[in-house]
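Trainee: I would like to check some structural labels against their cut-offs. Can we go through them one by one?

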Amino acid sequence: VREAEGQALIERLNAEEEVEKATGMQRSSSVASRSESVDPSLTAKVRVSLLDEEERQDAASQSRALKVNLDMLNFHARKARDRGQTDKAMKLFQKCMKMDPYDGRAWLATAKMYERAKNYNTAREWLHRGVVPPP
């Protein structure tokens, strides 16, 4: 859907540009100078207020880490854990948590590592942290 909307927007902009070229219309310097002085933060606020709920969720998800990067980091953390490199694995899992606190794989893996070390209270704390939404 978004791809079709984007394509339609590009086509409309190209058509408007061709009309401008054909009629010889140019943007006046006053319009150009006004558009350069627009506050970007205000523009962002207006865009957010105009988005419907589904578009807001899409915009929020775009600010997250790419899934492929998170997958690779989780993979390397699990490999380090499997090789017995627990310190390295913990650091990598914590990077995963920082990249996307809503991805539960790193939280669960960290809790399991503490459980295997028979540190049950710490394992329970990590599971709880993974369930509670981050601020």
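Trainee: Why is Phe75 called partly exposed?
Mentor: Its relative accessibility is 35%. Buried means under 20% relative accessible area, exposed means over 50%, and partly exposed lies in between (1.4 Å probe, protein chains only). At 35%, Phe75 therefore counts as partly exposed. Keep in mind that this is a predicted model: local features need pLDDT of at least 70, side-chain atom pairs count only at pLDDT 80 or more, and totals for chains, interfaces and linings use all residues. Residues are numbered from 1 along each chain as its sequence is written, and side-chain values use heavy atoms, with hydrogens and water left out.

Trainee: Where does Phe75 lie?
Mentor: In helix α5, residues 67–82. Helices are DSSP runs (H or I, at least four residues), numbered from the N terminus.

Trainee: What makes the nonpolar surface patch that includes Phe75?
Mentor: Leu66, Val68, Met72 and Phe75 make it, with about 380 Å². Patch members need over 30% relative accessible area and no salt bridge; nonpolar side chains (Val, Leu, Ile, Met, Phe, Trp, Tyr) are joined within 5 Å, like charges within 9 Å. The areas come from the Shrake-Rupley method with a 1.4 Å probe, and for residues only the protein chains shown count as cover.

Trainee: How do you know that the side chains of Asp71 and Arg105 meet in a salt bridge?
Mentor: The N to O distance is 2.9 Å. A salt bridge is a side-chain nitrogen of Lys or Arg within 4 Å of a carboxyl oxygen of Asp or Glu. The Asp71 and Arg105 pair therefore meets the definition. This pair links distant parts of the chain, 34 residues apart: Asp71 is in helix α5 and Arg105 in helix α7. Asp71, at 26% relative accessibility, counts as partly exposed. So does Arg105, at 32%.

Trainee: Which residues are linked with Arg105 in a network of salt bridges?
Mentor: Asp71 and Asp103. The side chains of Asp103 and Arg105 meet at 2.6 Å, N to O. That pair is also listed as a polar contact between side chains at 2.6 Å. A polar contact is a pair of N or O atoms within 3.5 Å; within protein, one must be able to donate a hydrogen and the other to accept it, and residues adjacent in sequence count only if both atoms are side-chain atoms.

Trainee: Why is Asp103 called buried?
Mentor: Its relative accessibility is 15%, so Asp103 counts as buried. Asp103 lies in the loop between α6 and α7. Leaving out residues up to four places away in sequence, Asp103 touches Leu70 and Asn74; contact means heavy atoms within 4.5 Å.

Trainee: How many salt bridges does a search of the whole structure find?
Mentor: It finds 3. One of them joins the side chains of Asp82 and Arg81 at 3.3 Å, N to O. Asp82 is exposed because its relative accessible area is 58%. Arg81 counts as buried because its relative accessibility is 19%.

Trainee: Why is Lys118 called exposed?
Mentor: Its relative accessibility is 62%, so Lys118 counts as exposed. Lys118 sits in the loop between α7 (104–116) and α8 (120–131). Its phi is positive, about 60°, although Lys118 is not a glycine.

How values were computed
Helices (H or I, at least four residues) and strands (E, at least two) are DSSP runs, numbered from the N terminus.
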